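Please take a moment to look over the sequence and the 3D structure shown here. The paragraphs below are meant to be read with both in view.

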Amino acid sequence: MSKSTKNEFVVVANRLPVDRVVDEDGEASWRRSPGGLVTAIVPVMQRRGGAWVGWVGAPDEDLEPFSAEGLDLVPIRLSAEEVERYYEGFSNATLWPLYHDVVATPVYKRTLWDAYVRVNRRFAEAAAEVAAEGAIVWVQDYQLQLVPKMLRELRPDLRIGFFLHIPFPPMELFVQLPWRKQILEGLLGADLVGFQTADAAANFSRLCRRLVGAKTHRNEIRVEDRVVRAEAFPISVDVKELIDLIGRPEVRQRAAEIREDLGNPGTILLGVDRLDYTKGIRQRLQAFSELFRDGRLKSGDAVFVQIATPSRERVEQYRLLRDDIELFVGRANGLYSELGAPVINYLHTSYTRDELAALFLAADVMVVTPLRDGMNLVAKEYIACRADLRGSLVLSEFAGAAEEMKRAFLVNPYDIDGMKQTLLDAMKASPAEQHRRMRALRKRVIEYDVDRWAHDFLVSLERPHASERPVEEV
Ligand code: ADP
Ligand code: G6P
């Protein structure tokens, strides 16, 4: 694909699905990018086709459009300074903590905002260049909230959708942001703004009323002569891919090996996350290790496997988190393990999809305890992989996924005692109880998979705005 090729469908996301990694000998290769956005959008794009506009994950790379994983990719260049100010700075030190309940303190700096505006404009211009007349352009996530408005100004013929993968905060928090009005106006450049939950959509509508003076009626927001819709579309996983993976003999054999390698403990508990302070990794490991301290578990009863993908390693809060977790794991293993049998197996690395599927099959209890999460795909991946109706999911009330997954073992991750009890309950659940819960959870995940999510969003985006009727304030 060249830059002059025009596309009927364009996805615009901060990241491309592959990262350019250069090893010590200067050899460059491609690796799947981390995170839920990429996991969800890859299968959608593989099935629909179209162009994906995004950054390759390394600074100062000037690349022509190329293909990878069967996708047409349009790379955006970011300088080292832009990576620092737009990506590590405004996106991940300002917006990320603000949108996740300020679990870390957001940084508000004008230089970071200026870079955010500049880079958003670059993405808008690239999307405007590769989109055909009347095309659908689907902008993704918090890094690109100004793109819808900028793109509409450049190309009023386009149908523009926006989906926010992370939570949208309540008014009381959002109003801290010095550039709050510009962000709302940026999003209102879309025809449809999608959120993970109905609460997030309601937060957005309320803020548009208060800060932009918009009129709202149900899920419609009227700004001047345009109507924008705000709706919830809970994102999901590629169930077909996962079912295929767990059907492979080598994956099943690997699951058995993992159990063996861990010394055939009574229970295997598993956490799989990017190493992010929103994920509640410290809280879950603390609850688990206190069960040993209290004598409610002893070595051999249970092993915790925590896989932590390296993430945003140059952002200070992430460095501090890594030190904190690694100190904690060392201390807990020092206190409660026996020779050759650590109670916590901590792996700071990313895995292939096959290995992850094997881990899901090997795990008796999947532990997903974010302090706040837009959705959490790991929870849904575990459920999709348990066609045997075995295993238990411990899930934070503060993950978007909890709204659809009431039959999980729900926990408040701030309540360490509550979490200890729930971990034990999940470990002790009888096969009949595991079946009952798993059957209900699987029904929802299978019915509402990632194809259904993308379909519902895109159908809604293409639906003409009916609203010629007068819009009342609610
Ligand atoms: P987030 O988008 O915040 O990272 P999600 O749980 O929604 O959180 O999505 C994470 C995605 O990344 C999932 O598809 C999960 O399987 C994948 N993932 C997480 N940790 C790893 C890892 N160590 N190796 C490979 N993939 C991982
Ligand atoms: C979350 C965000 C994505 C982001 C991913 C990985 O899923 O919603 O937008 O791509 O985390 O984070 P990173 O900063 O490595 O892109």
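What follows goes through the sheets, then the helices, then the surroundings of the ligands, and finally some loop and turn residues.

This is a predicted model, in which local features need pLDDT of at least 70 and side-chain atom pairs count only at pLDDT 80 or more, while totals for chains, interfaces and linings use all residues. Residues are numbered from 1 along each chain as its sequence is written, and chains are lettered from A and ligands numbered from 1 in the order in which they are written. Helices (H or I, at least four residues) and strands (E, at least two) are DSSP runs, numbered from the N terminus.

We begin with the sheets, where two strands are said to pair if DSSP finds at least two bridges between them. One open sheet is formed by 10 strands in the order E5-E6-E4-E1-E7-E8-E9-E12-E11-E10, with mixed pairing. At its edges stand strand E5 (66-68) and strand E10 (215-217), each with a single partner strand, so one side of each is left without a neighbour in the sheet. Neighbouring strands of this sheet are turned by 25 degrees against each other on average, direction ignored; for such angles, axes are lines fitted to C-alpha atoms, for helices over the stretch in contact, and angles run from 0 to 180 degrees between N-to-C directions.

E11 and E12 form a hairpin with 2 residues between them, and Glu224 in the turn has a positive phi of about 50 degrees.

A second open sheet consists of 6 strands in the order E15-E14-E13-E16-E17-E18, and its pairing is parallel. Its edge strands are strand E15 (344-347) and strand E18 (409-411), each of which pairs on one side only. In this sheet, neighbouring strands are turned by 20 degrees against each other on average, again with direction ignored. E13 and E14 run parallel and are joined by 8 bridges, with Leu269 opposite Phe304 in E14.

Turning to the helices, H1 lies across E1, strand E4 (51-55), strand E6 (71-76) and strand E7 (131-140), and runs at about 165 degrees to E1. Elsewhere, the axes of helix H10 (residues 281-293) and helix H11 (residues 316-336) come within 11 Å and cross at roughly 10 degrees. H10 and H11 are therefore roughly parallel to each other, a description used for angles under 35 degrees, whereas angles over 145 count as roughly antiparallel, 65 to 115 as roughly perpendicular and the rest as oblique. Their contact (C-beta atoms, placed from the backbone, within 7 Å) involves Ile281, Arg282, Leu285, Ser289 and Phe292 of H10 and Asp324, Ile325, Phe328, Val329, Ala332 and Tyr336 of H11. By class, this contact has 8 nonpolar, 1 polar and 2 charged residues, where Ala, Val, Leu, Ile, Met, Phe, Trp, Tyr, Cys and Pro count as nonpolar, Asp, Glu, Lys and Arg as charged, and the others, Gly among them, as polar.

Next come the ligands, where a residue is near a molecule if its C-beta atom, placed from the backbone, lies within 6 Å of it. Ligand 1 is surrounded by 17 residues, of which the closest are Gly36, Thr39, Thr309, Ser350 and Leu377. H1, strand E13 (267-274), strand E14 (302-309) and helix H13 (377-385) each give two or more residues to this shell, which divides into 8 nonpolar, 6 polar and 3 charged residues. Around ligand 2 are found Asn14, Arg15, Pro34, Gly35, Gly36, Leu37, Asp141, His165, Ile166, Ser311 and Arg312. Strand E1 (7-15) and helix H1 (36-48) each supply at least two residues of that shell.

Arg312, in the loop between E14 and H11, has a positive phi near 45 degrees. With 20 C-beta neighbours inside 10 Å, Arg312 counts as buried, since a residue is buried if 20 or more other C-beta atoms lie within 10 Å of its own, exposed if 12 or fewer, and partly exposed in between, with C-beta atoms placed from the backbone. Asn264 also has a positive phi, of about 45 degrees, but Asn264 is exposed, with 10 other C-beta atoms within 10 Å.

Terms used:
Contact = placed C-beta atoms within 7 Å.
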